[in-house]
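This report walks through one model, from its sheet to its pocket. Please look over the sequence and coordinates first.

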Amino acid sequence: MKHLQPREAWAWLQAQADAPPEQRPLFVDVRMEIESLYVGRPPGVVNIPWYEYPDLTPDPQGFARKVLEEAGRLDRPVLLICRSGKRTLDAGAALEAAGFTDVAHVVHGFEGELDEHFHRSSRNGWRFEGLPWEQM
């Protein structure tokens, strides 16, 4: 799995923006849907949760199956994002175990690491870097 800093991930996505849709990286937000909608998310991201409320239990095979349905093939590049870059490590490993050959994740995720006041988006992450995002 490739580990991309937020700006690297954005640059990679932008470099592929003119490619046919099925050749562009599939950008997947693995957070719960409610997190993605209310906290904010990058534009164009597809939400496929690694786990969902109320169970909060990952289903690696089910997750990989849903990503494959969206991606269309195992060799399509997949870029994963979550809150802090931790869930994407497990989700990416599940995709690789399922046969995906080009998986990357956004280091520090959308909100980044906690600071000394237990706040996010103040040290690193997609939003901290000023990259495009939207919120419900």
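This is a predicted model: local features need pLDDT of at least 70, side-chain atom pairs count only at pLDDT 80 or more; totals for chains, interfaces and linings use all residues.

Residues are numbered from 1 along each chain as its sequence is written, and side-chain values use heavy atoms, with hydrogens and water left out.

**Sheet**

Five strands form an open sheet, ordered β1-β5-β4-β2-β3, with parallel pairing. β1 and β3 are the edge strands, since each pairs on one side only. Helices (H or I, at least four residues) and strands (E, at least two) are DSSP runs, numbered from the N terminus. Two strands pair if DSSP finds at least two bridges between them.

Strand β5 (residues 103-106) has parallel partners in β1 and β4. Strand β1 (residues 2-4) runs parallel to β5 and is joined to it by three bridges. Strand β4 (residues 78-81) also pairs with β5 in the parallel sense, over three bridges. His105 is the bridge partner of His3. Leu80 stands opposite His105 as well.

β5 is covered on both faces. Val103 and His105 are buried on one side, Ala104 and Val106 on the other. Buried means under 20% relative accessible area, exposed over 50%, and partly exposed in between (1.4 Å probe, protein chains only). In a regular strand the side chains alternate between the two faces of the sheet.

β4, helix α4 (residues 87-97) and β5 make up a right-handed β-α-β unit. A crossover is right-handed if, with the strands pointing away from the viewer, the path from the first strand over the helix to the second runs clockwise.

**Aromatic pairs**

Rings of Phe, Tyr and Trp (its six-membered ring) pair if their centres lie within 6.5 Å; planes under 30 degrees apart count as stacked, over 60 as edge-to-face and the rest as tilted. The count comes to four aromatic pairs. Two of them are tabulated here.

| Pair | Centre to centre | Angle between planes | Class |
|---|---|---|---|
| Phe27 and Trp126 | 5.6 Å | 45° | tilted |
| Phe110 and Trp133 | 5.8 Å | 75° | edge-to-face |

With Trp10, Phe27 and Trp126 form one aromatic cluster.

Phe110 and Trp133 are both in the segment after β5, 23 residues apart. Phe110 is buried, at 0% relative accessible area. Trp133 is partly exposed, at 37% relative accessibility.

**Largest pocket**

How much space lies in the largest pocket? The value is about 240 Å³. On a 1 Å grid over the protein atoms alone, a pocket is an open set of points where a 1.4 Å probe fits, with protein on both sides within 12 Å along at least five of seven lines; lining residues have an atom within 4 Å of a point. Grid points are joined across faces, edges and corners, and a volume is the space filled by probe spheres set on the points.

The lining includes Trp10, Leu13, Gln14, Phe27 and Arg76. Helix α1 (residues 6-15) gives the most to the lining, with three residues. By class, seven lining residues are nonpolar, two polar and two charged. Ala, Val, Leu, Ile, Met, Phe, Trp, Tyr, Cys and Pro count as nonpolar, Asp, Glu, Lys and Arg as charged, and the others, Gly among them, as polar.

Most residues other than glycine have a negative phi, and most peptide bonds are trans. The bond from Tyr53 to Pro54 is cis, with omega near 5°. Pro54 lies in the loop between β3 (46-47) and α3 (60-71). Tyr53 is in the loop between β3 and α3. Tyr53 is exposed, with a relative accessible area of 63%. Its C-alpha atom is separated by 9.1 Å from that of Glu33, 20 residues apart along the chain.

His108 has a positive phi, near 75°. Phe118 also has a positive phi, of about 65°. Phe118 counts as exposed, at 66% relative accessibility.
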